[in-house]
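User: I'd like a close look at one part of this model, the place where two chains meet. Could you walk me through it in plain words?
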Amino acid sequence: MTTLVGVLSFVAVLALAVILGYLVVKGASSLDWNFFVKNPVPAGQAGGGVANAIVGTVIIVGVAALIGLPIGIGTGLYLAEYGSGRFGWIVRFVADVLNGTPSIVVGIFAWTWLVRPMGHFSALAGSVALAVLMVPMIARTTEEMVRLVPHSLREAALALGYPRWRTSLRIVARTALAGILTSCLVGIARIAGETAPLLFTALGNLNFSSSILQPMQTLSLQVFTYGTGPFDEWHRLAWAAALVLMGLVLLLSLTARWALRSRHGAAR
Amino acid sequence: MAPPADARLQLEAVRLTALYGRRAVVKDVSILFPAHSVTAVIGPSGCGKSTFLRCLNRMHELSEGGWVTGTVLLDGADVYDAGVDPVQLRRRIGMVFQRPTPFPTMTIYDNVAAGLRVNGGRSRGEVDAAVEQALRRAALWDEVKDRLKKSALDLSGGQQQRLCIARALAPEPEVLLLDEPTASLDPAGTQRIEELCHELKHRYTIVIVTHNLQQAGRVSDYTAFFYLGDLVEVGRTEELFTKPAQEQTEAYITGRFG
Ligand SMILES: Nc1ncnc2c1ncn2[C@@H]1O[C@H](COP(=O)(O)OP(=O)(O)OP(=O)(O)O)[C@@H](O)[C@H]1O
Ligand SMILES: [Mg+2]
């Protein structure tokens, strides 16, 4: 049994190593200064970079986090502190269903309710779609983190004359803060590489754009357009963009790990 | 006309019954806690001591399924009256729990100041003074005065418990409820807390739950014996321990059960 589990986890690690290794082999050689600071050049020409996609990823994911994190954290706090009743049960159920919803389904809703009424594709619609994906994830992990706070701390605050909401925010949420931040980082990492819901919301843009009401490029969309395009030059950039995206997600995950560990260190 | 100081600190339960759902765990208890006295609450595990204590500052109603009938009078006024805000009430009745519960994200100073800040309306200087005074009364000042800005988790268990007492004292409550405050402490720590009870009763009315009969004998003026949710007997401590009126009390204090 132990051997079997060992072999299986080795396979899992191997898969990650192969993916990372292949990305480095195919993409690393294209990672020069131009790649990060230049915008794409007309199709077929050599050179150019993906500055527009990097900036776009930061903007779209940033706006999504701005919308999604407060709602997600608030919902999680509510579920942990006040969610024992029927309404809490319903919210939890909806969150779990939404958590399992394919992202392309969320995308088509964003297209129907945002892109069509606005009359054009926009980064904002993409951010909203990503935020919708993020909220249930953040809510459920925040709830778990808040539940780890010992009941005795709540009681101590209440016995001191803290109102309930203040106990939740000043004592319980503060104590769970490192855990909540970790779940935020994991949530951001999760949506940073999403592509499907962006295809018909943010759409992609071969030029530089920083207006959230206009179509915008992201690294994930860049990988899609360049990877499926006809030019070798595009394929090369697609691999490099994939490597950067992967590195970004890895960085977020590692930071989350580190934050969680320093919390346990502090709680000793 | 202002009531005399003594009446202000007096606490009384009248026909108090505490329930979890439909199960009564404190049954029809009437008892008076005179001002400036220490009353020990004793009885076997599970007899409802903690629940009773939590009724006095309206914490019981926060437990799942917890509710209460009867009345509790503080300063002659019913604390369960519809016009009473339980949050305000809990600022007048301090409580310390069995295990130390310092707020882990706060410094020593902030822990003690927590109850003051939630009240609001105090200047920085006033908070400083109140924190020092509370720490002195809890006999912790000399040990922590040089590290007020350090985490409260750096303190030993006994120090943490005295910190919790200081935290309860800082907002100047009228009554102090202690639920087995020495259960997790070593003999030295226990002795400090017992000495504190003697000093603090000049300012507060104290109710202390304890499993330790010697402790009850040492710290209290009055002792109340609970059994299966009933108040079996209450009286002056030396009388209750030397010539108990009830057979159950005698059986308990002589160690025949419980
Ligand atoms: N949250 C709760 N829900 C339901 N019943 C409870 C709850 N807390 C306590 N009880 C029950 O109420 C009764 C009294 O409990 P309580 O904690 O007041 O006893 P105690 O005298 O303080 O015991 P100990 O000396 O062990 O602390 C017990 O029978 C217990 O099972
Ligand atoms: Mg108890």
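How many salt bridges are there between chain B and chain A?

Analyst: Keep in mind that this is a predicted model. The count between chain B and chain A is one salt bridge. Its partners are A:Glu155 and B:Arg54, and their closest N and O atoms sit 2.8 Å apart. As for polar contacts, three residue pairs turn up across the interface of chain B and chain A, counting pairs with both residues at pLDDT 80 or more.

Now for the side of chain B that touches chain A. At least two residues each come from α3 (86–92), β6 (93–96), α4 (108–119) and α7 (157–169) of chain B. The largest share belongs to α4(B), with four residues. Sorted by class, this side of chain B has 14 nonpolar, four polar and five charged residues.

Next, the size of the contact. The size of an interface is often given as the accessible area lost when the parts come together. Here the area buried between chain B and chain A is about 1,700 Å², and carbon and sulfur atoms give 66% of that. On the chain B side, the residues that lose the most area to chain A are B:Phe103, B:Thr105 and B:Val118, and together they make up 29% of what that side buries. If you'd rather count residues, the contact takes 23 from chain B and 17 from chain A.

Key:
Residues are numbered from 1 along each chain as its sequence is written. Chains are lettered from A and ligands numbered from 1 in the order in which they are written. This is a predicted model: local features need pLDDT of at least 70, side-chain atom pairs count only at pLDDT 80 or more; totals for chains, interfaces and linings use all residues. Side-chain values use heavy atoms; hydrogens and water are left out. Contact means heavy atoms within 4.5 Å. Buried area is the accessible area (1.4 Å probe) that two parts lose on being put together, summed over both. A salt bridge is a side-chain nitrogen of Lys or Arg within 4 Å of a carboxyl oxygen of Asp or Glu. A polar contact is a pair of N or O atoms within 3.5 Å; within protein, one must be able to donate a hydrogen and the other to accept it, and residues adjacent in sequence count only if both atoms are side-chain atoms. Ala, Val, Leu, Ile, Met, Phe, Trp, Tyr, Cys and Pro count as nonpolar, Asp, Glu, Lys and Arg as charged, and the others, Gly among them, as polar.
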